[in-house]
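Subject: Structure handover

Dear colleague,

Here is the structure you will be working with. My notes on it follow below.

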Amino acid sequence: MAEENTHNNNQKEHNHNFGTSIESRSNPDRPNRQFYIPSQIVSEFAQKGRDHLDQPFRSQFLLALTAGSFMTFGAVFSILLSIGIDAKGLYYLLSGLGFATGYAMVFISGSVLLTEINVLLPTYVFNTQVITQRTILKFWLSAYIGNIIGALFVALIIQLSGSLSDPFYIELSKLLDKKMKFLDHGSVLGWFQILVSGIMANWLIGMAAFLTTAARDITGKIIGTTLPVILFVAGNFQHSAANMGYFSMGTIATNKYSWYEFLFMNIIPASIGNIIGGALLVSLLFSYAYKDDIKSAIDQS
């Protein structure tokens, strides 16, 4: 009898941990929930942010390199899928699907992508006072530099392989013009527009991380990643990590724009906007809404 009670208690605890509702526990005919509820998702964000921060520097940097590499693979795939597509809706859909491949590899592998960290880490920091400013800045810097180096490395080996044909570079040139169109509005207005566009971009990528964390299987994680990515690609919202992938190919394969134009007239203002969008519109907003749940989860872990 004691053994049966122990089994029942363990089963109830298992159901609670995986977000099973009260109704499903009381009704055996009702299936378990196939996703985490919002408070559990934000608690996961805080714990993932802590786990990333607790890693040794070499691990942080190597995982940042892999994340940047995945961004270039995603950028290349998005261009390859959209070559020769005239219908705008189909063009945006295929471009977004291609780039979502890079983000899926990042999210599922646990790689360190700057813009995802801008969601995970603030969630943890907002709910604890044990983190030093120096530790955060060191981690952010390693992620930023690692992402750029990883993106450039993959762009270089792709170029050296000679695998891509002329149609790819024609499409790449068109896409770079679209990314750099803000230059036509002047340095001040263009810089501001990129910053605002970056806010929207990482708001969406923050929600991609939200949906991916909610899913309890690989299929759900891929779908949760794909939908917001398609939206930010279609909207031409400026995402610094994504642009690292595109611009790394542009820097090596073309001379249409200089590397400092890519960096100072897109990636830097986009990065600032990404920090605002991820930290405030996703991390702070949900952290405040589920503050008590997050603190309980952190204390128990």
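What pattern does the protein chain follow, read along the sequence? The pattern is α-α-α-α-α-α-α-α-α-α-α-α-α. The chain has 13 helices and zero strands. Helices (H or I, at least four residues) and strands (E, at least two) are DSSP runs, numbered from the N terminus.

This is a predicted model, in which local features need pLDDT of at least 70 and side-chain atom pairs count only at pLDDT 80 or more, while totals for chains, interfaces and linings use all residues. Residues are numbered from 1 along each chain as its sequence is written, and side-chain values use heavy atoms, with hydrogens and water left out.

The chain as a whole

Of the 301 residues in the protein chain, 48% are buried. Buried means under 20% relative accessible area, exposed over 50%, and partly exposed in between (1.4 Å probe, protein chains only). Taking contacts between residues at least 6 apart in sequence, 82% join residues at least 24 apart. Contact here means heavy atoms within 4.5 Å.

Helix 3 and helix 6

Helix 3 (residues 38–54) has 17 residues, and the distance from its first C-alpha to its last is 24 Å, close to the 24 Å expected at 1.5 Å a residue. The expected span is 1.5 Å times one less than the number of residues. Helix 6 (residues 114–125) has 12 residues and should span 16 Å; its end C-alpha atoms are 16 Å apart, which agrees.

Because 12 of its 17 residues are buried, helix 3 is largely enclosed by the rest of the structure. Those buried residues include S39, Q40, I41, V42 and S43. Helix 6 is mostly covered too, with 11 of its 12 residues buried; among them are L114, T115, E116, N118 and P122.

The axes of helix 3 and helix 6 come within 7 Å and cross at roughly 95°. That makes helix 3 roughly perpendicular to helix 6. Axes are lines fitted to C-alpha atoms, for helices over the stretch in contact, and angles run from 0 to 180 degrees between N-to-C directions. Angles under 35 degrees count as roughly parallel, over 145 as roughly antiparallel, 65 to 115 as roughly perpendicular and the rest as oblique.

On the helix 3 side, V42, F45, A46, K48, G49, R50, H52 and L53 meet I117, V119, L120, L121, T123 and Y124 in helix 6. The residues of this contact divide into nine nonpolar, three polar and two charged. In that count Ala, Val, Leu, Ile, Met, Phe, Trp, Tyr, Cys and Pro are nonpolar, Asp, Glu, Lys and Arg are charged, and the others, Gly among them, are polar.

H52 in helix 3 counts as buried, at 10% relative accessibility. Leaving aside neighbours within four places in sequence, H52 is in contact with Q60, G110, S111, V112, I117, L120 and F139.

Helix 11 and helix 12

Which way do helix 11 and helix 12 run, roughly parallel or antiparallel to each other? Their axes are 10 Å apart and pack at an angle of about 170°, and the two helices are therefore roughly antiparallel to each other. S240, N243, M244, F247, G250 and T251 in helix 11 meet W259, F262, N266, I267, A270, S271 and N274 in helix 12. The residues of this contact divide into six nonpolar, seven polar and no charged.

I267 lies in helix 12 (residues 259–289) and is buried, at 6% relative accessibility. Apart from neighbours within four places in sequence, I267 is in contact with Y144, S240, M244, F247 and F262. I267 and H239 are 28 residues apart in sequence, yet 7.8 Å apart in space, C-alpha to C-alpha.

Two single residues

S78 sits in helix 4 (residues 57–82) and is buried, with a relative accessible area of 1%. A polar contact of 2.8 Å joins the side chains of S78 and Y246. A polar contact is a pair of N or O atoms within 3.5 Å; within protein, one must be able to donate a hydrogen and the other to accept it, and residues adjacent in sequence count only if both atoms are side-chain atoms. Not counting residues up to four places away in sequence, S78 touches S95, G98, F99 and Y246.

N236 is in the loop between helix 10 (218–234) and helix 11 (240–253). Its phi is near 55°, a positive value in a residue other than glycine. Most residues other than glycine have a negative phi. N236 is buried, with a relative accessible area of 8%.

Regards
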